[in-house]
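This note sets out points on the fold, the nonpolar core, the ligand shell and selected loop residues. The points follow in numbered paragraphs.

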Amino acid sequence: MKTTWRAARRRRRGVAGGLLVAGTAATARRPPVVVAVILLVTVAAACRQDMHDQPKYQPFERNPFFADQRASRPLVPGVVARGHLDADQAFYTGTGPSGPVTANPLGSTRDVLLRGRERYDIYCSPCHDRVGSGEGMIVLRGFKQPPTFHSERVRGVPDGYLFHVITNGFGAMASYASQISARDRWAIIAYIRALQLSQHATLADVPESERTTLGAAP
Ligand code: HEC
């Protein structure tokens, strides 16, 4: 609506401007009444305000109609924004009835890991680096160094704890709740587990059929 109105106004202005310029050269040849009518029509048209001045309230404006004088009304209790029911508490907070979630609800399929790697590389690697040892570019430029993901302690924390850290932040690290959806947070966690395994695996973790491809003795 707005653009259309603006475009129309621009067009009107263009026409008005053109007529006035042309008018100066052609006034001598046109009867004065015609010139006056054209001027009147264009000037009157330019004065239209249309939707410009709407009888509406801006956010946080005062409105004496309500007892609390606020034009912006509080949400009705229990209201849920469309698409945000978020009823699965374990999925959306990382903590279930029996404490932090221990099993990633997305599992660790190839798609989940690929998505997790992509999001991790975007949001986490600037500090935690691509492998998770905590020497990302921002750290090399002076930001506080995060702990490595490859310590016994971080390998042992439940998935729900990692979810909590991404969601709420941790010390010097900010919350990523507004940038990373809950689903992507779980995907990142699956990928962090893959990173941890990549730095802490033994030959016994590799399926027997794959061992020869690693150059190991069969
Ligand atoms: C701007 C830098 C930065 C980014 C980006 C960042 N972190 Fe951190 N992270 C830190 C720092 C610094 C700490 C240590 C905070 C402290 O001890 O004060 C930390 C700590 C952590 C910890 C360790 C918690 C513990 O118990 O020791 C985890 C897990 C973690 N971050 C995960 C992530 C994940 C996942 C992402 C991406 C979604 C991420 N971080 C993005 C800087 C960052």
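Which exposed residues does the face of α4 turned away from its buried side carry? Point 3 gives the answer.

1. Basis of the note. The model is predicted, so that local features need pLDDT of at least 70 and side-chain atom pairs count only at pLDDT 80 or more, while totals for chains, interfaces and linings use all residues. Residue numbers start from 1 along each chain as its sequence is written.

2. Overall organisation. The protein contains 10 helices and two strands; helices (H or I, at least four residues) and strands (E, at least two) are DSSP runs numbered from the N terminus. From the N terminus on, the order of elements is α-α-α-β-β-α-α-α-α-α-α-α. Of the 218 residues, 14% count as buried. Here a residue is buried if 20 or more other C-beta atoms lie within 10 Å of its own, exposed if 12 or fewer, and partly exposed in between, with C-beta atoms placed from the backbone. Contacts are pairs of residues whose C-beta atoms, placed from the backbone, lie within 7 Å. Among contacts with a separation of 6 or more, 54% join residues 24 or more positions apart.

3. Helix α4. The exposed residues on the face of α4 turned away from its buried side are R110, D111 and L114. The buried residues of α4 are V112, G116, R119 and Y120. They cover an arc of only 105° around the axis, which puts them on the same side of α4; the arc is that of the directions from the helix axis to the C-beta atoms. As background, an α-helix has 3.6 residues a turn, so residues three or four places apart point the same way. The buried residues of α4 pack against α5 and α9. With 14 residues, α4 reaches 20 Å from its first C-alpha to its last, close to the 20 Å expected at 1.5 Å a residue; the expected span is 1.5 Å times one less than the number of residues.

4. Helix α9. The 17 residues of α9 should span 24 Å at 1.5 Å a residue, and its end C-alpha atoms are 24 Å apart, which agrees. The buried residues of α9 are D184, R185, W186, A187, I188, I189, A190, Y191, I192 and L195. Their packing partners include α4 and α8. One of these residues, A190, touches N104, L106, S108, V112, L113 and G116, not counting residues up to four places away in sequence.

5. Helix α8. D159, G160, L162, F163 and I166 are buried in α8. Seen down the axis, these buried residues fall within an arc of 155°, so they line one face of the helix. The elements covering them include β1 (95–96), β2 (99–100) and α9. Just after α8, G169 takes a positive phi of about 80°.

6. The nonpolar core. A nonpolar core is a set of buried Ala, Val, Leu, Ile, Met, Phe, Trp, Tyr and Cys residues joined through C-beta atoms within 7 Å. The largest has 18 residues, and those with the most contacts inside it are A187, I188, I189, A190, Y191 and I192. Two or more residues each come from α4 (110–123), α8 (159–168) and α9 (182–198). Of the elements, α9 gives the most, with eight residues.

7. The ligand shell. The ligand is surrounded by 20 residues, the closest being C124, C127, P146, G171 and M173; a residue is near the ligand if its C-beta atom, placed from the backbone, lies within 6 Å of it. The elements that give two or more residues to this shell are α5 (125–128) and α8. By class, the shell has 17 nonpolar, two polar and one charged residues. In this scheme Ala, Val, Leu, Ile, Met, Phe, Trp, Tyr, Cys and Pro count as nonpolar, Asp, Glu, Lys and Arg as charged, and the others, Gly among them, as polar.

8. Loop residues. Most residues other than glycine have a negative phi. Q69, however, has a positive phi near 65° and is found in the loop between α2 (32–46) and α3 (89–93). Q69 is exposed, with 10 other C-beta atoms within 10 Å. D129 has a positive phi near 60°, lies in the loop between α5 and α6 (137–140), and counts as buried with 20 C-beta neighbours inside 10 Å.

9. G136. This residue is found in the loop between α5 and α6 and counts as buried, with 20 C-beta neighbours inside 10 Å. G136 touches S125, P126, C127, H128 and D129, not counting residues up to four places away in sequence. The C-alpha atoms of G136 and P146, 10 residues apart along the chain, are separated by 9.3 Å.

Conventions:
Two residues are in contact if their C-beta atoms, placed from the backbone, lie within 7 Å.
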